[in-house]
Structure formats: structure tokens, C-alpha cells
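Reader: I'm new to this one. Can you put it up and walk me through it?
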Amino acid sequence: TGRPLVLTQNGRSAAVLLDVASYQALVDENELLRDLHAGLEDAREGRVTPHADAKATLLGRYRT
């Protein structure tokens, strides 16, 4: 059915069995949320570079 299957041990939830696609979707979403959280923390702490400064740096570095 594609739905998660909860496995029990001694009447208590012990594990969840997922199909590979569902598991990968959860992993991908978790990684994205961690990256977003880290970016928001950087912004709160002032660890940011204005767009114009970043653009000028990159253009200077990679312009051929």
C-alpha cells in the first residue's frame, strides 16, 4: 500500500518499515529543513553578506 508499517515488540512500537521512496523523501526533507534552519540562524546572528557584495566578489573571482 505504500503506507508505513509499525512493528511492535512486546506490544510496544519498536520500528517503522517504509518503502525506499518514502524514506528518501523524509531524508531529503529533513536535510532541507536543517539547511533552512542553519541559514535562519546565520541571518539572526548577522553572519550574512549583502547580495551586491557577494555578486561583486564572485564576478571578480570567476570573470575570465
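Author: What follows is a short tour by question and answer.

Reader: What kind of model is this, and how are residues numbered?
Author: This is a predicted model, in which local features need pLDDT of at least 70, side-chain atom pairs count only at pLDDT 80 or more, and totals for chains, interfaces and linings use all residues. Residues are numbered from 1 along each chain as its sequence is written, and side-chain values use heavy atoms, with hydrogens and water left out.

Reader: What is the mean pLDDT of the chain?
Author: The mean is 95, and 98% of the residues reach 70 or more. pLDDT is the predictor's confidence in each residue, from 0 to 100.

Reader: Where is confidence lowest, and where is it highest?
Author: Helix H2 (residues 51-62) has the lowest mean, 94, and E2 has the highest, 98. Helices (H or I, at least four residues) and strands (E, at least two) are DSSP runs, numbered from the N terminus.

Reader: OK, strands. How do E1 and E2 pair?
Author: They run antiparallel, with five bridges; two strands pair if DSSP finds at least two bridges between them. Together E1 and E2 make a hairpin with two residues between them.

Reader: Which residues stand opposite each other there?
Author: Leu7 is opposite Ala15 in E2, and Val6 is opposite Val16 in E2. Leu5 and Val16 are 11 residues apart in sequence, but their C-alpha atoms are 5.6 Å apart in space.

Reader: Is Asn10 buried or exposed?
Author: Asn10 counts as exposed, at 77% relative accessibility. Buried means under 20% relative accessible area, exposed over 50%, and partly exposed in between (1.4 Å probe, protein chains only).

Reader: And how many residues of E2 are buried?
Author: Zero of the six residues of E2 are buried, so E2 lies largely in the open.

Reader: Which residues form the nonpolar patch on the surface?
Author: Leu5, Leu7 and Leu17 form it, with about 260 Å² of accessible area together. Patches are made of residues with over 30% relative accessible area and no salt bridge; like charges are joined within 9 Å, nonpolar side chains (Val, Leu, Ile, Met, Phe, Trp, Tyr) within 5 Å. The areas come from the Shrake-Rupley method with a 1.4 Å probe, and for residues only the protein chains shown count as cover.

Reader: Where are Leu5 and Leu17, then?
Author: Leu5 lies in strand E1 and is partly exposed, at 45% relative accessible area. Leu17 belongs to strand E2 (residues 12-17) and is partly exposed too, at 47%.

Reader: Switching topic. How many salt bridges are in the whole structure?
Author: The search finds two. A salt bridge is a side-chain nitrogen of Lys or Arg within 4 Å of a carboxyl oxygen of Asp or Glu.

Reader: Which residues make them?
Author: Glu41 and Arg44 make one, at 3.0 Å from N to O. Arg47 pairs with Asp42 in a salt bridge whose closest N and O atoms are 2.8 Å apart.

Reader: Where do Glu41 and Arg44 lie?
Author: Both are in helix H1 (residues 20-44), three residues apart, about one turn of the helix. Glu41 is partly exposed, at 29% relative accessible area, while Arg44 is exposed, at 56%.

Reader: How far does H2 reach?
Author: H2 has 12 residues and reaches 16 Å from its first C-alpha to its last, close to the 16 Å expected. The expected span is 1.5 Å times one less than the number of residues. Of the 12 residues of H2, zero are buried, so H2 lies largely in the open.
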